[in-house]
Amino acid sequence: MPVYTLPDLPYDYAALAPVISPEIIELHHDKHHAAYVKGANDTLEQLAEARDKETWGAINGLEKSLAFHLSGHILHSIYWRNMSGDGGGEPLEKDGVGELADAVAESFGSFARFKAQLSKAAATTQGSGWGVLAYEPLSGRLIVEQVYDHQGNVGQGATPILVFDAWEHAFYLQYRNQKVDFIEAMWQVVNWQDVAARYTAARSRADVLLLAP
Ligand SMILES: [Fe+2]
């Protein structure tokens, strides 16, 4: 049995149109995400074989491959659930996501400033990457991270709660080279209930880093 499996989409391929076309969603989930799942499982097998045979010549590549594919699998799994055809707007108390709204305001000054930072971080990735809103457990605050590939440039221990895929495969068929337009459109499909649930779950964990003074 493989360790990791591709999760089903929580909606059909057309659910996010016109912001994201059905063709992109199908390829992105069924081909790209599936490849990360396979890559993570294959790498675990290769690492098990290396341990069995005590052959460590490929250890650097295998550890990098595990970080890449596992992070790709995790980020895409969050990405699908972060979006909804009924999403958009901003988190508001009346929608039951007041704690998230307060945390955004406290951590970034205002929703508008947060939106500007995450939009800019996602749209200016060099090569392939993500813009990520993460809960940072040491400070108990939210931070924006600009992730390289799927796994680089992240703060250890932070939990991603809202992720914007800025790889070309996420938008090129529809938006061509207009990454800024794609990122701006993404805000129309953000599922704030999902983001708020992730925020609550991340916060409710005790001192996972065991670093409290
Ligand atoms: Fe992707």
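This is a predicted model: local features need pLDDT of at least 70, side-chain atom pairs count only at pLDDT 80 or more; totals for chains, interfaces and linings use all residues.

User: What makes S84 count as buried or exposed?

Analyst: Buried means under 20% relative accessible area, and S84 has 16% relative accessibility, so S84 counts as buried. Leaving aside neighbours within four places in sequence, S84 is in contact with L16, V189 and N191.

User: Which protein atoms are the donors of the iron ion?

Analyst: The donors from the protein are NE2 of H28, NE2 of H76, OD of D165 and NE2 of H169, and they lie 1.9 to 2.1 Å from the iron ion. Along the chain these donors follow the spacing H-x47-H-x88-D-x3-H. H76 belongs to helix α2 (residues 59–82), while H169 sits in the loop between β3 (159–165) and α5 (172–175), so this pair ties together parts that are 93 residues apart in sequence.

User: Why is the site of the iron ion called tetrahedral?

Analyst: Four donors count as tetrahedral if all angles lie between 85 and 135 degrees, and the angles among the four donor atoms here run from 89 to 135 degrees, which places the site of the iron ion in the tetrahedral class. For reference, the ideal angle for four tetrahedral donors is 109.5 degrees.

User: How do you know whether H76 and H169 are buried or exposed?

Analyst: The cut-off for buried is under 20% relative accessible area. H76 has 0% relative accessibility and therefore counts as buried, and H169, with 17%, counts as buried too.

User: Why is α3 described as roughly perpendicular to α7?

Analyst: The axes of helix α3 (residues 98–108) and helix α7 (residues 192–204) come within 9 Å and cross at roughly 75 degrees. Angles of 65 to 115 degrees count as roughly perpendicular, so that is the term for α3 relative to α7.

User: Which residues meet where α3 and α7 are in contact?

Analyst: From α3 there are E99, L100 and A103, and these meet W192, V195, A196, Y199, T200 and R203 of α7. Sorted by class, this contact has six nonpolar residues, one polar residue and two charged residues.

Key: Residues are numbered from 1 along each chain as its sequence is written. Side-chain values use heavy atoms; hydrogens and water are left out. Axes are lines fitted to C-alpha atoms, for helices over the stretch in contact, and angles run from 0 to 180 degrees between N-to-C directions. Helices (H or I, at least four residues) and strands (E, at least two) are DSSP runs, numbered from the N terminus. Angles under 35 degrees count as roughly parallel, over 145 as roughly antiparallel, 65 to 115 as roughly perpendicular and the rest as oblique. Contact means heavy atoms within 4.5 Å. Ala, Val, Leu, Ile, Met, Phe, Trp, Tyr, Cys and Pro count as nonpolar, Asp, Glu, Lys and Arg as charged, and the others, Gly among them, as polar. Donors are N, O and S atoms within 2.8 Å of the metal (3.2 Å for Na, K and Ca); water is not among the atoms, so sites may look incomplete. Four donors count as tetrahedral if all angles lie between 85 and 135 degrees; four count as square planar and six as octahedral if opposite donors are over 155 degrees apart and all others between 65 and 115; anything else is irregular. Buried means under 20% relative accessible area, exposed over 50%, partly exposed in between (1.4 Å probe, protein chains only).
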